[in-house]
Amino acid sequence: MDLAIRCGGLVKKYDRVTAVDGLDLSVRRGECFGLLGPNGAGKTTTVEVLEGLLLPTSGEVEVLGMRWDKDERALRQRLGISLQETHLPDKLTVAEVLALFRSFYDTGRPVDEVLELVSLSDKRRTWTEKLSGGQKQRLAVACALVSDPELLFLDEPTTGLDPQSRRQLWDVVLGFKSRGRSVLLTTHYMDEAERLCDRVAVVDRGKVIALGTPAELIASLEDVFVNLTGRQLRE
Amino acid sequence: MRTDPLWQLTLARLRMFFREPSAVFWTFGFPLALSLALGVAFRNKPPDPIAVGVWAGPDASGAGRVLDALRATQGLEVREYQGPSTRDLSTGKIALFVRPRERIEYDFDPTRPESRLAREVVDSALQRASGRADVLPTVDLPVAAKGSRYIDFLIPGLIGMNIMSGSMWGIGYVVVEMRTRKLLKRLMATPMSRAQFLWSFVLMRAAFFFLELPLLLLFGWLAFGVGVAGSLVLLVALSLVGALAFAGLGLLVAARAQNTQTVSGLINLVMLPMFIGSGVFFSTARFPNLFQPFLRALPLTALNDSVRAVMIEGAGPRAVAGQAGLLAAIGAVSFALALRLFRWR
């Protein structure tokens with residue numbers, strides 16, 4: 001099977017904490033895959049290892065059939081990444097930020113086209129510090145889309161956003177997926193996973209504790225989660 | 001429609017700077033205000049007259065002739081006293097007290113140079129007024145040496161200081177702020193070249209430099225008539241090498257710091273010894289000989305001394321080659337070290 005991401009036995013230890021504890025994952029090409037779990041479950045660490053921003057303590061990682069230690073340059077050209085929190089430069093306009101990010105990639109989409117995609121065309125001359133939370137988040141995603149990536153990483157893209165901003169972002173992600181591209185996103189909202197993801201892995205304490213389509217999971221998720229962790233999913 | 005990333009990075013740097021009014025003031029306005037204030041405070045005044053007292057009471061015979069003679073002498077301020085003695089001499093308000101009797105009596109403190117000078121000036125004025133003729137022909141040729149004013153010393157120092165603080169704050173602080181805001185990490189998630197990222201800061205400093213230097217030079221020339229005795233091209237080249245040296249140091253202090261407090265401390269730690277010891281406001285010659293080799297190794301000393309040599313003495317490339325070489329070496333080493341040590345997330 002053609003995989004966008006494959007990782008096996010992934011472990012990431014910090015001094016005393018084991019953030020990721022033997023995690024296996026396969027994301028198919030053209031699929032939107034969700035990592036669902038509470039804060040501190042190891043989602044962000046997992047994603048940052050897959051993004052090549054953290055070195056794993058042990059385990060295998062393959063992204064788009066390539067490996068970080070050998071093909072970093074080529075790989076970076078083909079990914080779009082939106083981190084959990086990034087403070088884009090306050091005093092640059094939306095269009096200037098995108099033009100800057102566009103300049104790093106050999107190929108990609110025109111800035112105006114991407115602005116249209118995330119509904120920020122009317123804000124192109126606005127300084128990023130003047131944007132609302134939802135607009136900032138859409139700009140962050142636009143920075144990830146400007147390279148026209150094959151694989152998009154989104155780390156909690158809608159945390160803290162109002163319902164309308166969330167729906168706008170969902171449309172952006174669904175539009176991206178409809179072009180046959182792959183997405184890996186983290187979230188702690190079940191409704192977001194249900195809306196966007198083809199498959200979901202529930203992560204807790206650095207391990208996948210459940211895997212399936214949203215529909216499959218929803219049936220059993222509440223029970224599984226409470227049984228395994230003793231905690232409520234929607235904390 | 002892809003543009004060059006180095007150009008885009010540099011452009012972003014410049015835009016962010018010029019959209020921050022306080023940064024613009026500290027880079028461009030502050031040095032001008034400082035040189036104006038110091039230039040006014042230390043402007044050259046005609047020498048203060050020497051105050052001398054004369055006993056001009058009714059019992060002082062011949063006081064009239066003494067007063068006339070002294071008032072006709074340049075550089076003296078003559079005060080009249082009714083009594084034959086005064087405390088103004090011991091409190092330093094006058095340098096000499098003249099008591100005209102049958103002989104002229106001088107009260108003065110021979111340990112005070114000013115008093116001895118006053119005695120000679122007054123005595124020779126009175127002797128001439130009484131008919132002594134000078135037998136040896138002499139002529140006075142006052143010297144107003146170019147570049148001997150304080151402002152002539154100060155402007156090159158301010159150029160150096162401005163280049164230093166502009167690079168240290170404009171690079172060091174900004175880089176660390178990008179790190180704390182996770183912007184560095186975000187950029188690392190793109191294929192951006194790390195060297196180009198660092199180069200964009202160096203280029204930004206070079207671009208600023210071509211605004212800062214003419215501004216200070218023009219200001220010094222218009223406000224105080226401070227000229228450039230040597231080659232302007234050499235001056236620009238030297239300051240540019242200096243700007244690159246401090247750009248390297250700015251990157252180096254920012255290489256590991258995790259927050260802006262740390263980097264502010266580091267920047268001050270690096271800059272403070274040079275503010276004092278590198279001859280910005282006063283000559284490094286005031287420090288004991290023991291410190292001189294150390295002071296000469298400081299990049300700001302090299303920059304100040306060489307800029308001063310070109311501006312005041314009109315030194316040529318050969319005379320400042322050593323200092324330029326030192327600056328270039330500091331720049332290259334610190335840039336290379338920064339690239340090695342840099343914490344990218």
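A residue is called buried here if 20 or more other C-beta atoms lie within 10 Å of its own, exposed if 12 or fewer do, and partly exposed in between, with C-beta atoms placed from the backbone. The model is predicted, so local features need pLDDT of at least 70 and side-chain atom pairs count only at pLDDT 80 or more, while totals for chains, interfaces and linings use all residues. Residues are numbered from 1 along each chain as its sequence is written, and chains are lettered from A and ligands numbered from 1 in the order in which they are written.

**Stop 1: helix α3 of chain A**

Select residues 94–103 of chain A, which form α3(A). Nine of the 10 residues in α3(A) are buried: V94(A), E96(A), V97(A), L98(A), A99(A), L100(A), F101(A), R102(A) and S103(A). Helices (H or I, at least four residues) and strands (E, at least two) are DSSP runs, numbered from the N terminus.

**Stop 2: the contact between the chains**

Chain A and chain B each bring 23 residues to the contact; two residues are in contact if their C-beta atoms, placed from the backbone, lie within 7 Å. On the side of chain A that touches chain B, the elements giving two or more residues are α2 (68–78) and α3 (94–103) of chain A. Of these, α3(A) gives the most, with six residues. Colour this side of chain A by class to find 12 nonpolar, four polar and seven charged residues. Ala, Val, Leu, Ile, Met, Phe, Trp, Tyr, Cys and Pro count as nonpolar, Asp, Glu, Lys and Arg as charged, and the others, Gly among them, as polar.

**Stop 3: chain A as a whole**

Along the principal axes, the C-alpha atoms fill a box of roughly 50 × 40 × 35 Å. Buried residues make up 46% of the 235 in chain A.

**Stop 4: the sheet of chain A**

Now select the six strands of the open, mixed sheet, in the order β5-β6-β7-β3-β8-β9. Strands pair if DSSP finds at least two bridges between them. At the edges are β5 (79–82) and β9 (207–212) of chain A, each with a single partner strand, so one side of each has no neighbour in the sheet. Within the sheet, β6 (residues 151–155) and β7 (residues 182–187) of chain A run parallel over five bridges; look for D155(A) opposite T186(A) in β7(A). Helix α1 (residues 43–50) of chain A packs on the sheet and touches β3 (32–36), β6, β7 and β8 (199–204) of chain A. Helix α5 (residues 133–145) of chain A also packs on the sheet, touching β5 and β6 of chain A.

**Stop 5: strands of chain B**

Move to β3 (residues 96–100) of chain B, which pairs in the parallel sense with β1 (residues 50–55) of chain B over three bridges. Four bridges join β3(B) to the antiparallel β4 (residues 104–107) of chain B, and the two form a hairpin with three residues between them. Finish on V98(B): V54(B) stands opposite V98(B), and Y106(B) is its bridge partner in β4(B).

Terms used. Axes fitted to C-alpha atoms, helices over the stretch in contact; angles between N-to-C directions.
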